[in-house]
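My notes follow in the order in which I checked things.

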Amino acid sequence: MSYVLGPNQYGKAENRVVRIYRDTARHEIRDLNVSTALRGEFGDAHTTGDQAAVLPTDTQKNTAFAFAKEHGVTSPEDYALALGARFLDACEAASGSRIEVEEYAWDRIEVDGQGHDHAFARRGGEVRTTVVTRDRASGQAWVVSGLKDLVVLKSTGSEFKGYLKDEYTTLQETDDRILATSLVARWRYESTDGVDWNKSYDDIKRVMLEAFATTYSRALQETLYAMGSAVLDAHPEVAEIKFSAPNKHHFLVDLSPFGTENNGEVFIAADRPYGLIEATVQRDGGSDAGDAWLTVPGFC
Ligand SMILES: O=c1[nH]c(=O)c2[nH]c(=O)[nH]c2[nH]1
């Protein structure tokens, strides 16, 4: 039997490129998932192992990040056209390039009726949840309501420093980082009577978003505590609130090998592993939770 190489292409899939425009205090964000591929005369790479014609997928990845700064992202189309042309220039063996871009849209978080300068919520929105538990013997009922998949991001106003260090610590302290999470929050109502559930939900969400946007963050832990305290302050009908918040890490990309500065403008959004920060904010001497959390998994 003899074989010939059929259709083939290669590239780097799903580069999570986050471009922040921060020339003024009012930041802009472009959040992309970029997949690149080249096709053409790459037979030798497959059949003889000779990689001379191959522009590595690692280089394609670097180019995707460098172009987010050097060319910019005014639209997925314009960025993809530029990237695709660059690969044809850089790789003679390529007869074609294919750039696929998915863009995640972000809306500014509203604070006092105004879009915040550097705090955003991902468009598409959250899922509202409730768990109601009833006990026949006592006749009691508990309502635990909340939300999940509320993806929020601050492009500044967040630091992480002064933490414990040991011989395994490599994390650099930072005064300015992206803070992002996909929030799960659940709150227990004091009572099942006299609550306007829809109004309460809408305002608790508003209060949480506003606290996220306006609290300078020294850690996600501090931000969660501020959000929880703000909810308890504004909503006497809420007994306690629990959060589960993955720290969606955004790492600054080193563009210096390409002679390009990166002043907090281009990040790689990593999906795993992630910090998982979980906390309860409750009233001092607050009411007994009874069975409220018995069947609610995933919280400490
Ligand atoms: O907000 C944070 N809290 C942490 O506990 C932590 N740990 C870490 O590595 N980065 C962060 N960020």
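Is His-249 buried, exposed or partly exposed, and how many other C-beta atoms lie within 10 Å? I find His-249 partly exposed, with 18 other C-beta atoms within 10 Å, where buried requires 20 or more within that distance, exposed 12 or fewer, and partly exposed is in between, with C-beta atoms placed from the backbone.

I note that this is a predicted model, in which local features need pLDDT of at least 70 and side-chain atom pairs count only at pLDDT 80 or more, while totals for chains, interfaces and linings use all residues. Residues are numbered from 1 along each chain as its sequence is written.

Entry on the annotated positions. I looked up His-249 because the UniProt annotation "active site", from an unreviewed entry, covers Lys-12, Thr-57 and His-249; such annotations may be inferred rather than shown by experiment. These positions span 238 residues in sequence and the farthest two C-alpha atoms are 22.8 Å apart, so they do not all gather at one spot. I place His-249 in the loop between β9 (238-247) and β10 (250-252), strands being DSSP runs of E with at least two residues and helices runs of H or I with at least four, numbered from the N terminus. Leaving aside neighbours within four places in sequence, His-249 is in contact with Ala-270 and Tyr-274, contact meaning that C-beta atoms, placed from the backbone, lie within 7 Å. Thr-57 lies in helix α2, is partly exposed with 16 other C-beta atoms within 10 Å, and touches Tyr-10, Gly-11 and Lys-12, not counting residues up to four places away in sequence.

Entry on helix α2. I compared the ends of α2 (residues 57-70) with expectation: its 14 residues should span 20 Å at 1.5 Å a residue, and the end C-alpha atoms are 19 Å apart, which agrees; the expected span is 1.5 Å times one less than the number of residues. Among the buried residues of α2 I list Phe-65 and Phe-67, and the buried residues pack against β1 (15-21), β2 (28-40), α3 (76-90) and β11 (266-269).

Entry on the domains. I took the division into domain 1 (15-104) and domain 2 (112-250 + 259-282) from an automatic or database domain assignment. I see 15 residues of domain 1 in contact with 15 residues of domain 2, and α2 gives the most to the side of domain 1 that touches domain 2, with five residues.

Conventions. Contact = placed C-beta atoms within 7 Å.
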